Amino acid sequence: MSRLLELTDRGLYCAAGDFYVDPWRPVGWAVITHAHSDHARAGSRSYLTAERGVEILRQRVGDEATIQGVPFGEAVMHNGVRVSLHPAGHILGSAQVRVEHQGEVWVVSGDYKTIPDRTCDAFEPVRCHVFITESTFGLPIYRWRANEELVDEVNDWWRTNQERGRTSVVLAYALGKAQRVLSGLDSSIGPLLMHGAVERFVPLYRAAGIELPECCRATTENARETRGRAMVVAPPSAAGTPWLRKFGDVSLAFASGWMQIRGTRRRRAVDRGFAISDHADWDGLLSAIDATGAQEIVVTHGYRSTLVRWLSEHGKRARALATAFEGEMDEVVGNDGGMGNAE
Amino acid sequence: MQLFARLFTDLDTTTRTVEKVQALERYFAAAPSRDAVWALYFLTGRRIKRAVNTRLLRDWLSAETGLPLWIIDESYDAGGDLAETLALLLPDHSADSTAASTDRTITAPGMLFSQEEMLEGYAGLQQAAEADQSADVSMPLHRLVEERIVPLTDLPVEAQRILVTRTWHQLDAAERFLWHKLIMGEFRVGVAHTLVARALANVAGVPPETMAHRLMGDWTPTAEDYQRLLSPSSWASDPGQPYPFFLAHPLAGDPQELGEVDEWQAEWKWDGIRAQLLRREDQVVLWSRGEDLLTDRFPEIAAVGAALPNGVVVDGEILAWRDERPLPFAALQTRIGRKNLSAAVLAAAPAMFMAYDLLELEGTDLRASTLIERRAKLEVLAAHLPAGLAVRLSPLVELPSWEALVELRRTARDRGVEGIMLKRRSSAYGVGRPKGEWWKWKVDPLTIDAVLIYAQPGHGRRASLYTDYTFGVWHEGELVPVAKAYSGLTDAEIRQVDAFIRRNTLARHGPVRIVRPELVFELHFEAIQPSTRHRSGVAVRFPRMNHWRQDKKPEEADTLATLRALAASLERGK
């Protein structure tokens, strides 16, 4: 009856080891998959996260927090439970959490994607008995195009805007997506500027050895100088704010998996939508689940019931993990159009 | 097809008029006439009737992709647009090699070829089969429409399936989306007809008004007609061709800002069907603003046309009319849907043409002359008509001062009109809806406070959000549905309400969620009348959300008794 990981009102809890994974309230020992705000909350006594993600997590939970970084694949024993972290391919330092106790192995995927991304370590399938997977894009309408195609599309859009004398502004989640977009931009096209919220994480990426093109924080002066030529990377919250005015005539784009759907694109009232996602698409979810060889799949965060039904019809034992306090939080996230969410 | 798909994407990804016109010009300049004329056909809102049953489309897609129907339906719920959802669900053949897609055809269900032999007389299938063999995957728009979409509707289901499946293999994702839209009779693109006319006019080298006028006429999607539309010289217009309608802007501010009161002419704003009545070469034609030919639906008005001299075009409003008062719009609606106009229908909703303006007299286009000149001629024309015809001259409203007008507007609802029209006396009869010449100043809407009780997901731009709401008011301790509304909230409010709905769903019936009755909205609507068709006993016209009353509790919402009293009082006022 007792399960290795169970959902409590503070988040996923391991009773055997007395620790939480991505707790949403302060706890004693928190294992953090990645530093997006819906997974990493401040106030816990101590944190365990991937070594590659320590500095980013510090930005989130504060300088005073006790954070232990562990290299990918290296195990830590905690109250007799063996915990190790493995790359999830979501953002820099993002990890899946492997929990082993008395021969039983569970893996919590956190957020993940299976396609290559040069700004973080590639997703690594981990064999386990029980796999707790996200399902943000758990519908077959969500299938991403190849990264190179998307990168070319963004650069082409930038060139077209230049021809029309317009500044390009791409909205992307400030941590992860923004740096990924940045890494694909061809700086020979024109000057690159970024919002302060994006800039904040750039040195951490560079320090981790990730190459990003030369890019300055946007100021009134450099914005004016580069009007009609520059590419600006900004967080989604910059849309519709006076901050955008300094760039003159802009063309606005949004980089998010939700942009796959025309209706969402139009609802966001942006000129362009790029379906660039840091989550696994439908095929990615299915292949990742297969690769774990898990006997039981627990689906959370997204189109849970769809994926559970699909897996069940395909001979897998699957169940949904209720996200306790938000009702159908999953769909709300889905309908947010990637607005404030870590997508 | 690729050019057309490109045009669609260009139009779909910009909100800027200039860019839309440029994209259209690029397209019309580059596309062959036979294709361009079909593009024009669809861009000007003409449609081909739904050619396939969408249930069948889902079945075929399920067979093609191996996806069960339930996941197709869930995808549709999330995507909010069936044409797009189906396009996204299909595997990306264009990324495969041609060899791979040929393989796919060969491994298709074994029945395919024998079925095909049975149907071998059908050209579209043969062409589809030929195209399967060739490496060229792009198909001209006109062939797609003429050989695959137009004939589709009359084919046996199995032949439809073969044709649709084959076509999937020959199109890329963007093209498939449009293919679906076209066979479902749902193609729409966010571009005003005036912009299409402007772009085409630029390509042809004629004034935009000329092109708008030509497009209103009778043309078919053939290369010949396209060439005729594009001809740089003027051409004899066909007798059934109306003029583009000149439209008014809603007046948001104070009328005093319009300047001197004596520069303006005021009329009532009638709530009917805007139309042009044409009399040329002994023919009578009645065109609605929606470009529907209504001559047969309104014999009373056709009789008015027959009494006019040749070479006349009158702009006006079709109204259901009795005892010198308009009947509610619903009465007029009973006339539109019917092919057979029985004596009872004609008697229940007698129609009348309220004449506003004279656009053509003695075969001469009067649109460039001033409103007062046109009005004077219209009055002379009306005076020469025999008595007893179903026509009235739109009465001018005395306009001594702006203050007086404000008072008059208050009486509008009692008069059965929607508000007041303000037209600059010196105005020409233009094209489209330019600002500053004609204004419509509607009466303040009626309001009620009602509770959100059911919600459904929206479509298109509102895909996968709960945006279509049903509202209830209190009656004997229960909330009775009285109105459906889906407009009026900001995007931020929509997201909040959507989140509320998801967390407070009491039950589901298909796509409809029964919601915990907690949110109160102030609804606006234009009219309310007793109705036997609605459970509540009242029907409201043009309901929309004006305001989310976060300050109100559901108990404070209005009651059905209040609504019924309102309906009855307005009814009595008539």
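**Figure 1. B:Leu389 in its loop.** In this predicted model, B:Leu389 sits in the loop that links helix H19 (371–383) to strand S9 (391–393) of chain B. If you set aside its neighbours within four places in sequence, the contacts of B:Leu389 are with B:Ala303, B:Val304 and B:Ala307. B:Trp268 is 121 residues away from B:Leu389 along the chain, and 21 Å separates the C-alpha atoms of the two.

**Figure 2. The crossing of helices H6 and H12 in chain B.** Here you can follow H6 (residues 82–89) and H12 (residues 173–183) of chain B, whose axes come within 8 Å and cross at roughly 145°. The crossing of H6(B) past H12(B) is right-handed. Which residues make the contact? From H6(B) come B:Ala83, B:Glu84, B:Leu86 and B:Ala87, while H12(B) provides B:Ala173, B:Arg176, B:Phe177, B:His180 and B:Lys181. By type, the residues of this contact are five nonpolar, one polar and three charged.

**Figure 3. The two sides of helix H15 in chain B.** Helix H15 (residues 223–230) of chain B has B:Tyr226, B:Leu229 and B:Leu230 as its buried residues. Why do they share a side of H15(B)? They cover an arc of only 95° around the axis, so they end up on the same side of the helix. The partners of the buried residues of H15(B) are helix H3 (33–43), helix H13 (193–204) and helix H14 (208–216) of chain B, against which they pack.

**Figure 4. Chain A, for orientation.** Chain A holds 10 helices and 19 strands. Its radius of gyration is 20 Å, close to the 20 Å that the globule rule gives for 343 residues, so chain A is as compact as a globular protein of that length. The C-alpha trace of chain A spans about 65 × 45 × 30 Å along its principal axes. Of the 343 residues in chain A, 52% are buried. Among the contacts in chain A with a separation of 6 or more, 59% join residues 24 or more positions apart.

Technical notes:
Residues are numbered from 1 along each chain as its sequence is written. Chains are lettered from A and ligands numbered from 1 in the order in which they are written. This is a predicted model: local features need pLDDT of at least 70, side-chain atom pairs count only at pLDDT 80 or more; totals for chains, interfaces and linings use all residues. Axes are lines fitted to C-alpha atoms, for helices over the stretch in contact, and angles run from 0 to 180 degrees between N-to-C directions. Helices (H or I, at least four residues) and strands (E, at least two) are DSSP runs, numbered from the N terminus. A crossing is left-handed if the near helix is turned anticlockwise from the far one by less than a right angle, and right-handed if clockwise. Two residues are in contact if their C-beta atoms, placed from the backbone, lie within 7 Å. Ala, Val, Leu, Ile, Met, Phe, Trp, Tyr, Cys and Pro count as nonpolar, Asp, Glu, Lys and Arg as charged, and the others, Gly among them, as polar. A residue is buried if 20 or more other C-beta atoms lie within 10 Å of its own, exposed if 12 or fewer, and partly exposed in between; C-beta atoms are placed from the backbone. The arc is that of the directions from the helix axis to the C-beta atoms. The radius of gyration is taken over C-alpha atoms; the globule rule is 2.2 Å times the number of residues to the power 0.38.
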